[in-house]
Amino acid sequence: MNGYRLGIDVGGTNTDAVILDEDDSPITQTKRPTTEDITTGIVNALDDVLDAVAFTADELEYVMLGTTHATNAITERRGLNDVGVIRLGAPATESVRPLLEWPDDLEAAIGGKTAILDGGHEFDGRTLNDLDEAQVRETVREFGDADSFAVTSVFSPVREDHEERVAELIHEELGEDVPVSLSNEIGSVGLLERENATTLNAALTSVADEAASAFLEAMDERGIEAQLYFGQNDGTLMSVEYALEYPIFTVASGPSNSVRGAAYLSGVENGIIVDVGGTTTDVGAVTDGFPRESSVAVEIGDVKTNFRMPDLISIGIGGGSHVTREGDDVTVGPQSVGYRLTEESRCFGGETLTATDVEVASGSVDIGPESPDVDAETIEGARSHIRDRVEQAVDRMKTSPEPVPVVVVGGGSILVPADLEGASEVYMPDHYEVANAVGVAIAQVSGQVDRIFSLDDQTRDEALETAKSEATENAVGAGAAEETVDVVDVEEVPLSYLPGNAVRIKVKAAGTLGDE
Amino acid sequence: MSNDTITREDLADLATGATVLGTGGGGDPYIGRLMAEQAIEEHGPVELLDPADVPDDELVVPSAMLGAPTVMVEKIPHGGEAVAAFEALERSIGQEAYATMSIEAGGLNSTIPIAVAAALEIPLVDADAMGRAFPEVQMVTLTLGGIEATPMAIADEKGNSVFVDTKTNEKAEQFARTLSIDMGGSCMIATYPHTGTQLREHGILRSMSYARDIGETIREAQEASADPIDALVEFVDGYELFDGKVKDVARRTEGGFAVGEATIDGLSADEGRTLTLDFQNEHLVARDSERGVLASVPDLITVLDSETGDPVTTEGLRYGQRVTVIGMECSEKWRTPAGLELVGPEYFEYDIDYEPIEHIHTEHDK
C-alpha cells in the first residue's frame, strides 16, 4: 500500500497538480497558469489540491515534480551559464572544434569558451596523450569567469580518469563550488554528441538550482515534508541531488510523463499519445506502457546529443496558438500567447485570436468570460489546419498502416477531433487535462549498473545477467517494490585489446515505489 | 557536367546518402561531414570534378581514413594527418596530384576527402572505387583493374607517418591494418594513385553526386511528409526486404572491426518472422527465418529508421528500434568472378552462394 502522493508538472503554459490516493487513483486535480517566477504558480496549484482533500499536507508521502524548465531555458537561451568547454584529446580531434555546429546564438549564450587540450585515451585504454596539468590550470584560469565547466575526454566511456583529474584541478583553481559536468557520466561513445550533452548540462546547472529552490520553498511554505523526486527522460524518477547534478536528464521528462500518464489513465499500453499544451503538441508512442525511445541522435535546441530520449514529434500548435487568416488561408501557430492565455486571448478579453477562442466561438467549450465573435470560415479553416497537422504527426509515429488507438491528453485536448484518420479509436480519458502530473506521480524509481566486466571467466550472457540482477537490486534499494522491477535499458560498449576480453555494460532497471 | 561544387549546404545531403550507401558501416559520415564543414569554412567550397574532365595522364590520389568505426566517432582526426599522408605520397611519386577522390561512396570516407580537397585547394573527382562501403583496402574496383594500393602513405594525428610498398593489395591491407591499431585504431592514408584514363575505366563514376541525390531524396520526402523509404526505394530502384523491431544486437570488436549479428522481429506484413543481419562493419547477409537469404554482399543492405527513413549504422542499432531493411543492386563490376572472389559472401566466410538481389526477389514474388 502506498501513501498519498502529489504529482506536479510545471509546463510552459500551465502548472498542473494531482493527488493520488493509496491505490494510485487521482482524487483531486488542478491546473493553474505557470508564472514568471514559477513558485507562485506552484503554490497556487498546491493550495488548490490541498484545499480539496480531507487530510493535511504533512500526510503526503511523496512529491514528484516534472518540469520543462531546463528545456525552455535552452530553446529560449535564457538563464544559461557561461560554460568553460574543455576537450581532452589534442592533437587528435582538432579537425572538428567544440560547438562547431551549434547555432550562433546558443553558442553566444553560453559564452563560447572552448579549448582542446592534451589528454584522452585510445580505444583500448592506452594513453592517447598525457594530461598537461599546467596547461589545464592555465586554461581554467583563463576561463575563470565561467559559471560552470564541461569536460570531455576522448574515450572517457572507456577510461574516465583524465576527466576526473581535470575536475579536481578546476576545483583547486576556482573552489569546490564550481559545477563541473563530466561527459562519461552523461552520454555514451560518440565524442561530439557526448560533448554537446555535457555542455548543455553544464549550461543548465543554475537554472536547475533555481527551479529546485523554488520548488522546495513552495513545499516548505505549505508544510509539506514528503520525499521529493524529479521526473527524468526515461519516465523514471530521480532525487533532488541527482537532478541538480544532471539537469539535462529532465529535458524530456514532460513528454515521458504525459505518455506514462496517458497510458495509465486510458489503459492503452500500445498506441499513440497526443499531448496538447498551450504552445505545442507533442506526439509520442507508447509501447508496453513506456515511451518509445528515439533511435537517432536527438537534437535539443538544434544541438545533436546522445543520451536516451523519448521518440517524439513536436508541432507548433496549442491552446494559445495564434490563429491568422490571409484571404482563404487560415493557419494556427507556431506563435503562441503561452502562459498569457488568460490575458491575451479574446475569450479573456484580450486582443489575440487563439485556437482556444475558435473553439469557444464555435460553442464546443465555454472558457473565459467573453464569447469572441469568429466567422464560420475561420473556424472551419483553423480546425482543418489542426486536424491535418495532428493526423500527419500521428501517421509518422505509427509503425504500420493499420489504425491504432490514439490517446489525447493535455489542456488543449479540445482542439483535437474525435474522428482522427488513422486512429482505431480516440480516447480522452478522465483527468486528461493533468495527464503529465499523473504520469510523474505514478513514475517508477530506477537503479543502474555501469561497470566493466571481464569475459575471461564468464560469457557475455552471464555478465549481462549479473548486471541485470545488480541493477534490479539497486532499484529495490532506491525504494522500488521488488516484484515490480523490470530491466528497461541495456547498453554494451566492447573494449578490445585490454588484457582479457572486456565489455562495459550499462543496465537500468525500474519499478514502482514500494512499501515503506 | 563540370563546375559543380560542394558547399557547406550540400554536406548534410551527401552525408545522408553516404550513410545509405555505407550499408551500416564505413564509419559515421557525421564526423566526416563536420571535418569537411570546418575545412570549407576555413578554405572555401570544393570543386566537384566530373570524371570526364580529368586529363588522361593526370594523377588522382584517393585519401581515406582507416580504422575501426568505434574509434572514429571518439578520436576525431587532427586534420593535418590527411594532408601529411597525401603530400608524402606525392613526394614519393614525384608528381603532383591533379585531384583527390573518395575511395568509397559510403560512410565516413565519402566526406573526409572533401576536407582534404579543401585544405589542399584541389578538386574532388565525382567518383569512388566501391559504390558503397567495404571494410578492407584491397576491396576496390581499382584492384579489379590491376591498379596497386601502394605506394601508400599512412599518418597519425601525432605527426608520425609510415610509407608502405607491397606486392599485393591484400598485403597493403594487412600492413595498414596493423599500423592503424598501433596508431590507436585509426589513421589517415593516401593510396591507389592512378591516372584519369584508369579512373574512367575502373572507377565507379559520378557516385558522389549520386550520394548527394539520395540524401536530397530522403530529405525532400521528409519535408513533404511523404514516405521517405518509398521515395528512396524508388530512386535507387531497390527492394524493401523487411520491416521489424530490433530484438538483439550482439557485437564484438575483432581486429578493429565491429563484428556481430542483429536480430529483428517482423512487424506488419513480416510479423511472425525473424531477420538476422550479419555484419562486419557493413551488413553482409540478411537472412529471413522462413524465406532464407534475402540479400548478400556485394549487393547493398541498408537499415533505415521506419518512421523517419534516416539510415541507421550498425553502431547505432539498438534494442527496440523500428527499422526497415532495404536492398540495392551493387555495381556490375562486383558481379564478375574476380569481383565476387574479392568481396563475395565466401570471402567473408559465409557458406552461401551469391545470388543477385533481383533474382532472389523474383523468386519471392512467385
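Modeller: Phe155(A) lies in the loop between β7 (148–153) and α5 (161–174) of chain A. Helices (H or I, at least four residues) and strands (E, at least two) are DSSP runs, numbered from the N terminus. Residues are numbered from 1 along each chain as its sequence is written, while chains are lettered from A and ligands numbered from 1 in the order in which they are written. The model is predicted, so that local features need pLDDT of at least 70, side-chain atom pairs count only at pLDDT 80 or more, and totals for chains, interfaces and linings use all residues; side-chain values use heavy atoms, with hydrogens and water left out.

Colleague: What is the phi of Phe155(A)?

Modeller: As a general idea, most residues other than glycine have a negative phi, and most peptide bonds are trans. Phe155(A) is not a glycine, yet its phi is positive, at about 60 degrees.

Colleague: Which residues does a cis peptide bond join in chain A?

Modeller: They are Gly333(A) and Pro334(A), with omega about -5 degrees. Pro334(A) belongs to strand β18 (residues 329–336) of chain A. In chain B, the bond from Val297(B) to Pro298(B) is also cis, and its omega is near 5 degrees. Pro298(B) sits in the loop between β16 (292–296) and β17 (300–305) of chain B.

Colleague: Let us turn to the interface. How many residues of chain A are in contact with chain B?

Modeller: Contact here means heavy atoms within 4.5 Å. By that criterion 45 residues of chain A meet 42 residues of chain B. The size of an interface is often given as the accessible area lost when the parts come together. Buried area is the accessible area (1.4 Å probe) that two parts lose on being put together, summed over both. Between chain A and chain B it is about 3600 Å², with carbon and sulfur atoms giving 52%.

Colleague: How many salt bridges and polar contacts cross the interface of chain A and chain B?

Modeller: A salt bridge is a side-chain nitrogen of Lys or Arg within 4 Å of a carboxyl oxygen of Asp or Glu. The rule finds five across this interface; one of them pairs Lys158(B) with Glu122(A), whose closest N and O atoms are 3.4 Å apart. A polar contact is a pair of N or O atoms within 3.5 Å; within protein, one must be able to donate a hydrogen and the other to accept it, and residues adjacent in sequence count only if both atoms are side-chain atoms. There are 20 residue pairs in polar contact across the interface, both residues being at pLDDT 80 or more. On the side of chain A that touches chain B, the elements giving two or more residues are α6 (191–203), α12 (376–397) and β22 (486–495) of chain A. The largest share, five residues, is from α6(A).

Colleague: Where does the salt bridge of Glu195(A) lead?

Modeller: Glu195(A) is bridged to Arg87(A), with the closest N and O atoms 2.8 Å apart. This pair connects distant parts of the chain, since Glu195(A) is in helix α6 of chain A and Arg87(A) is in strand β5 (residues 83–90) of chain A, 108 residues apart. Over all chains, the search finds 53 salt bridges.

Colleague: Lastly, how much space lies in the largest cavity?

Modeller: Rolling a probe the size of a water molecule over the atoms shows where empty space is left. On a 1 Å grid over the protein atoms alone, a cavity is a set of points where a 1.4 Å probe fits but cannot get out, and lining residues have an atom within 4 Å of a point. Grid points are joined across faces, edges and corners, and a volume is the space filled by probe spheres set on the points. The largest cavity holds about 250 Å³. Its lining has 24 residues, and the closest to its centre are Met65(B), Glu104(B), Asn109(B), Phe134(B) and Pro135(B). β3(B) contributes the most to this lining, with four residues.

Definitions and conventions
On a 1 Å grid over the protein atoms alone, a cavity is a set of points where a 1.4 Å probe fits but cannot get out, and a pocket is an open set with protein on both sides within 12 Å along at least five of seven lines; lining residues have an atom within 4 Å of a point.
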